[in-house]
Structure formats: structure tokens, C-alpha cells
Amino acid sequence: MTSRKGRARRNSDCTAGGLRPALRAPHRPRPVEGAEQAFVIGVLTNAADFRRARAWGVTDAPDYERYLADTAELLADALERFETVRARMFHPQDFEEFCLLHLLDPAEPASRDRYLVNPPLQTQLLAYRGEELAGDFVPRLVRARENGLTLCHADLLLDGGLYGGAGEIDEEHVRWVRAAYQRGGEVFRRMLVGAGAGVYELRLRVDAPDGKLTAAARVLQWEDGVVRINDEDLELVCAVLCTGLALELPGVAVLHGSQGSAASCGEYLPAAWAWSSGGPDWAPTARPVRLDGVAAQPGYSLGTVC
């Protein structure tokens, strides 16, 4: 089978939800009216994973660079044919453990399909909208896997209150978690409003049972208050804040970066603020702190921020 450019198209994707044959056709058949228009793909995010996955017949590309180029072409085709295109990191170790758990053959394409659509891993999926694959999107896929593992941990601590993983739904429990999630979102909003325009990174740690919950997010805030942040990073920050507030766990947060904007004649000032929590609220730290190598002074009172 050849592509529009006339060269043979390689088997570049890990899986495509059982839709590979149609997608690889040299023409683009129209989607069936009324059918669910969604496409899911797993992407190998580094050369080492690429070499390991070749043993399962995941790809026949000769090298990782060719694999990325073919995958980018596949995603471009999918964007033209499907309403929703989503991707997640194809992690060989995760996949191998999944196959062992479910007694699957990793060389079978159906095993890869099951791995990608496995419900507990849905938090690792990202919407693809045409980004450069080898630029920002591949690192986002790596972070999405890490974020997804943290979200699963948080959901477990909240007895399934975040994503319904507890089985039978307890409406009162869900409302309790939802209220804590909203409080966490409000805490984050007040941190950003108090900081004003600038380019920042939030680092967050909550000391939870069975390991710390951590989150990091890059934030760009304009003079008019409009904020740019990746959806998956915002979800993780709010989930970690939610878990800490709901369970009254100790935590620390640092917001650091450059405060200022082009409207202020391009004047940017370094800034770093810190807050801590040991219960149902967040407040400025009692003293300067250092988190992940970033030193910060006690932050402003969130209660004074509208």
C-alpha cells in the first residue's frame, strides 16, 4: 500500500482503536454518518522505547526519526477524518505488565488496542489538534502519563470520588469530593490573581499515604487576567489540591517565575511565593522554603485576593 507521496507507508502506530486498515488506505473514505468519530493512538516517545517495542511488531520503521515522521502523517490523516483524535504515551513496561495481568500476547494488535482504551488509563489521553509531534506534543505525552499515575493515586485516596473508580456511586461522597475540587480550583485561582501578569510555574506537593502527590504547571497570564495553561496540567493541580483539602493533608506550593508584562514597557521582575496547608486551608508559609530546588518567600494572603 502506498501513500500519496508514492512511497510505502510503514506500520507506524502502536494502535488505532481497530481503525488502522481504513486509515491507511491511499484514499480517504468518508466516515459513516452517525458513527462515533474518534481515533486513539499510542505514541512511542523516545528511541529506547522504540527499540523495545519493535520486538512486538508495533512498528517496522527503520529508526525512531522515521517512526515519528510516519506517526505525524498518520495523525494528520486522522484529523481530516475524525471528529476527535486522542493520543497517549505508549510505555513498553506498562504495556508488558498489562499483558501479563490480562494474559495477553503483546505481539497481537488487539492487545495494544485493549491497553490504549483501558479505563484506568484514560486520564493519560490528550487531545491532538495538529501540534508538531516532535516539538511540544511528545513531552506533553510523557507528562500526561506521569500526571495520570498521580491522578489514579488521588482517585484511590478519595475512594473513587474523582473518576468513579469506587464502583457503586455514593452521591454524598461525590458531592464532598466535588466541593473539595472546587475549593482547590479557587485556591489556584487566587494564587494566580495575586501574582498578576507574568510567566510562572507552579510546583505543588501534598504528603499523602503511600507516597507524595506532586504537580507542576506552566502558566502564562496576560494583563487582562486571561490564563494559558495546558488542560491536563490544570486538572492535575486541581486534583492534588482537592485531595489535600478533602483529607486535610500537609502540603506546600511554590509559584515562581517572571512578574510583569509587555504593557509595562517589558519590565519583568523575578518572583517566588510559597504557601502551605495542614488542613482545610492554604496560607503563606511561616518562613522561606525550598521546593524542588526553588527558593521562595512566604506568599501573599489568599484571603485578601478577590
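Tutor: Helices here are DSSP runs of H or I with at least four residues, strands are runs of E with at least two, and both are numbered from the N terminus. By that rule, the protein chain has eight helices and eleven strands, and Thr150 has its place in helix α6. This is a predicted model, in which local features need pLDDT of at least 70 and side-chain atom pairs count only at pLDDT 80 or more, while totals for chains, interfaces and linings use all residues. Residues are numbered from 1 along each chain as its sequence is written, and side-chain values use heavy atoms, with hydrogens and water left out.

Student: Why is Thr150 called buried?

Tutor: Buried means under 20% relative accessible area, exposed means over 50%, and partly exposed lies in between, with a 1.4 Å probe and protein chains only. Thr150 has a relative accessible area of 15%, and therefore it counts as buried. Leaving aside neighbours within four places in sequence, Thr150 is in contact (heavy atoms within 4.5 Å) with Leu213, Thr214, Leu236 and Val240. In the protein chain of 306 residues, 46% count as buried.

Student: What makes Leu133 buried, and which residues is Leu133 in contact with?

Tutor: Leu133, which is also found in helix α6, has 5% relative accessibility, so it counts as buried. Apart from neighbours within four places in sequence, Leu133 is in contact with Leu68, Thr71, Ala72, Leu75 and Val138. The C-alpha atoms of Leu133 and Ala69 are separated by 8.5 Å, although the two residues are 64 residues apart along the chain.

Student: How do you know that α3 and α6 are roughly perpendicular?

Tutor: For helix α3 (residues 64-81) and helix α6 (residues 133-157), the axes come within 12 Å and cross at roughly 85°. Angles of 65 to 115 degrees count as roughly perpendicular, under 35 as roughly parallel, over 145 as roughly antiparallel and the rest as oblique, and therefore α3 and α6 are roughly perpendicular to each other. Leu68, Thr71, Ala72 and Leu75 of α3 make the contact with Leu133, Ala134 and Val138 of α6.

Student: What makes α4 roughly perpendicular to α5?

Tutor: The axes of helix α4 (residues 92-102) and helix α5 (residues 109-116) come within 10 Å and cross at roughly 105°, so α4 is roughly perpendicular to α5. In this pair, Asp94, Phe95, Phe98, Cys99 and His102 of α4 meet Ser111, Arg112, Arg114 and Tyr115 of α5.

Student: How do you know what span is expected of α7?

Tutor: The expected span of a helix is 1.5 Å times one less than its number of residues. Helix α7 (residues 171-195) has 25 residues and reaches 36 Å from its first C-alpha to its last, close to the 36 Å expected. Among the buried residues of α7 are His173, Val177 and Phe188, and just after this helix Gly196 takes a positive phi of about 80°.

Student: Why are Asp210 and Asp292 called exposed?

Tutor: Asp210, found in the loop between β4 and β5, has a relative accessible area of 77%, so it is exposed. Asp292, in the loop between β10 (289-291) and β11 (294-298), has 56% relative accessibility and therefore counts as exposed. Phi is positive in both, near 65° for Asp210 and near 55° for Asp292, whereas most residues other than glycine have a negative phi.

Conventions
Axes are lines fitted to C-alpha atoms, for helices over the stretch in contact, and angles run from 0 to 180 degrees between N-to-C directions.
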